Amino acid sequence: MSHVDEAVAHAEDMKNLANIMNQVKSIMGDEPSSQLSRDQMHDRIKNLLQDPYFTECLGRLEYKAEPVWGLSCAERKMVSDARKLVNRQGMLA
């Protein structure tokens, strides 16, 4: 694989990243309740963000610590937001 291939977004990776980020946002938007405590919410988010499938997709959507070419502004923001969440989860672990 050439460096150019590594720097270009693949639609399937973006679709998968968006799906997982929507799950994370859904969990983050939930209020802690008797059914789901704050710790359980944190654990669910952590599990999503540490899933190898997610980290591989995110890794392919970044090149030299920046979103790859071929992404819209909204997609670039999503990749950046996902990286920030992953980094923040790592600090909280």
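Q: At what angle do α2 and α3 pack, and how far apart are their axes?
A: This is a predicted model. In it, α2 (residues 11-29) and α3 (residues 38-50) pack at about 170°, and their axes are 10 Å apart.

Q: How are α2 and α3 oriented to each other, then?
A: Roughly antiparallel. The cut-off for that is an angle over 145 degrees.

Q: Which residues make the contact?
A: On α2 they are Ile20, Gln23, Val24, Ile27 and Met28. On α3 they are Met41, Arg44, Ile45, Leu48 and Leu49.

Q: And by class, what does the contact of α2 with α3 have?
A: There are 8 nonpolar residues, 1 polar and 1 charged.

Q: Next pair. At what angle do the axes of α3 and α4 cross?
A: Roughly 55°, and the axes come within 5 Å. That makes α3 oblique to α4.

Q: Which residues touch there?
A: Leu48, Leu49 and Gln50 come from α3, with Pro52, Phe54 and Thr55 from α4. By class, that contact has 4 nonpolar and 2 polar residues, with no charged ones.

Q: Staying with α4, which of its residues are buried?
A: Phe54, Cys57 and Leu58, in a helix that covers residues 52-60. They sit on the same side of α4, because their arc around the axis is only 95°.

Q: Why would that spacing put residues on one side?
A: An α-helix has 3.6 residues a turn, so residues three or four places apart point the same way.

Q: What happens at the start of α4?
A: Asp51 has a side-chain oxygen within 2.7 Å of the backbone nitrogen of Tyr53.

Q: Switching to loops. Where is Val68?
A: Val68 is in the loop between β2 (66-67) and α5 (73-92).

Q: Is Val68 buried or exposed?
A: Buried, at a relative accessible area of 1%. The cut-off for buried is under 20%.

Q: How far is its C-alpha from that of Ala9?
A: The C-alpha atoms of Val68 and Ala9 are separated by 5.7 Å. Along the chain, Val68 and Ala9 are 59 residues apart.

Q: Now backbone angles. What is phi of Lys64?
A: It is near 55°, a positive value, and Lys64 is not a glycine. Most residues other than glycine have a negative phi.

Q: What about Ala65?
A: Ala65 also has a positive phi, about 65°.

Q: Where do Lys64 and Ala65 lie?
A: Lys64 is in the loop between β1 (62-63) and β2. Ala65 lies in the loop between β1 and β2 too.

Q: Buried or exposed?
A: Lys64 is exposed, at 69% relative accessibility. Ala65 is exposed as well, at 69%.

Note on methods:
Residues are numbered from 1 along each chain as its sequence is written. This is a predicted model: local features need pLDDT of at least 70, side-chain atom pairs count only at pLDDT 80 or more; totals for chains, interfaces and linings use all residues. Side-chain values use heavy atoms; hydrogens and water are left out. Buried means under 20% relative accessible area, exposed over 50%, partly exposed in between (1.4 Å probe, protein chains only). Helices (H or I, at least four residues) and strands (E, at least two) are DSSP runs, numbered from the N terminus. The arc is that of the directions from the helix axis to the C-beta atoms. A polar contact is a pair of N or O atoms within 3.5 Å; within protein, one must be able to donate a hydrogen and the other to accept it, and residues adjacent in sequence count only if both atoms are side-chain atoms. Axes are lines fitted to C-alpha atoms, for helices over the stretch in contact, and angles run from 0 to 180 degrees between N-to-C directions. Angles under 35 degrees count as roughly parallel, over 145 as roughly antiparallel, 65 to 115 as roughly perpendicular and the rest as oblique. Contact means heavy atoms within 4.5 Å. Ala, Val, Leu, Ile, Met, Phe, Trp, Tyr, Cys and Pro count as nonpolar, Asp, Glu, Lys and Arg as charged, and the others, Gly among them, as polar.
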